[in-house]
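Please look through the structure below with these notes beside you.

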Amino acid sequence: MTATLAIGPYNASERPALEETFQAHIVANATEACGLEAATRAEIKAIAYKGHLPFGAAEMDLFPNLGVIANYGVGYDAIDVAAASARSIKVTNTPDVLNDDVADLAIAMWISQGREMRQAEAWVRDGNWATKGDYRLNRKVSASKVGVMGMGRIGRDIADRLAAFKTEVHYHSRSEKQTPGWTYHADPVSLAKAVDFLFVALVGGAATQNYVSKEVIAALGPRGVLINISRGSTVDEEALLDALENGTIAGAGLDVFVGEPKINPRFLTLDNVVLQPHQGSGTVETRAAMAKLQRDNVGAHLAGTALLTPVN
Ligand code: NAP
């Protein structure tokens, strides 16, 4: 008898707490969860969900007593929240605890791209430094014009870090925010035109599909660099690849992709990109904090107390 089902690739450090706290049944993915016997599914009151595969109405209907889906991650675009609300199922996420790590990775990709750290390291490792001399000059990132697309929790932490680099900060959100003198753009194209480095920190999902459109990418211009830590879906990836291949923008730093982890192979042949395996929140410390917040939400639901971080 268990009231909690954990779905997803939980690692060895996460599984014991789920098993000891809730006697959770752990399965690898939603397909496996849906294949459980009907009597087992009927016992489930809480799902601890991890991963980016969709969990929608059809899956929810297989769990007649489900009351909460506690997502591991702030981005819950894999879960059909409207379908959950229609079934009086609450959804929770893990905001804030991961802001620092995701913002740090955005800054790291920015510096790595501008200062060509990957290519410069290859210069050392290949022995070229000793035989051919100094590595070529690259690009200053401090004191540049930077933009943040989506001034939410993570966007704000990126902007705060960028400000410490003496940059001129611009941003776009659906509404103007209280900021220390940063320039607001009501229009995404206007933001892209104003800056050399554009950081994308939007939510994923249908509403922001291709928000960074072909026009936004074109407006960045030949010295423009796009840094994306949000979701692959927020950027028109075909337009981005064309622009990177044609040199109509200078480069990109990407932690998220359409169809990840099987990313478009065109990225792999490009030298003007920094590619990361969706590891924005991927530190030991932050993943532990995310897992704890997820468990606290499951525990609150089972105890009948207020959820810590509900999204519906
Ligand atoms: P947040 O505080 O909710 O901020 C989201 C931003 O998206 C806000 O600026 C918001 O605009 C904008 N937005 C929401 N709906 C929109 C719409 N329909 N049209 C245009 N803009 C819209 O979220 P967060 O905590 O910063 O997280 C942002 C995202 O980062 C997550 O959803 C997730 O996808 C991604 N993420 C990635 C990693 C990683 O490992 N790479 C880790 C964590 C999170 P307003 O300012 O106008 O409200």
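1. Across the whole structure, a search finds 14 salt bridges, a salt bridge being a side-chain nitrogen of Lys or Arg within 4 Å of a carboxyl oxygen of Asp or Glu. Side chains of opposite charge can pair when their charged atoms come close.

2. Helices (H or I, at least four residues) and strands (E, at least two) are DSSP runs, numbered from the N terminus.

3. Please keep in mind that this is a predicted model, in which local features need pLDDT of at least 70 and side-chain atom pairs count only at pLDDT 80 or more, while totals for chains, interfaces and linings use all residues. Residues are numbered from 1 along each chain as its sequence is written, and side-chain values use heavy atoms, with hydrogens and water left out.

4. Which residues come nearest to the ligand? Of the 28 residues around the ligand, these are Arg153, Ile154, Ser173, Arg174 and Asp255, where a residue counts as near if one of its heavy atoms lies within 4 Å.

5. A ligand oxygen atom is 2.8 Å from a polar backbone atom of Ile154, an oxygen atom of the ligand is 3.1 Å from one of Gly152, and a ligand nitrogen atom is 2.9 Å from one of Ile229.

6. Two backbone details deserve a look. A cis peptide bond, with omega about 5°, joins Glu260 and Pro261, and Pro261 lies in the loop between β11 (251-254) and β12 (273-275). Asp96, although not a glycine, has a positive phi of about 70°, and Asp96 is placed in the loop between β5 (90-92) and α6 (99-114).

Conventions. Polar contact = N/O pair within 3.5 Å; in protein donor to acceptor, adjacent residues only side chain to side chain.
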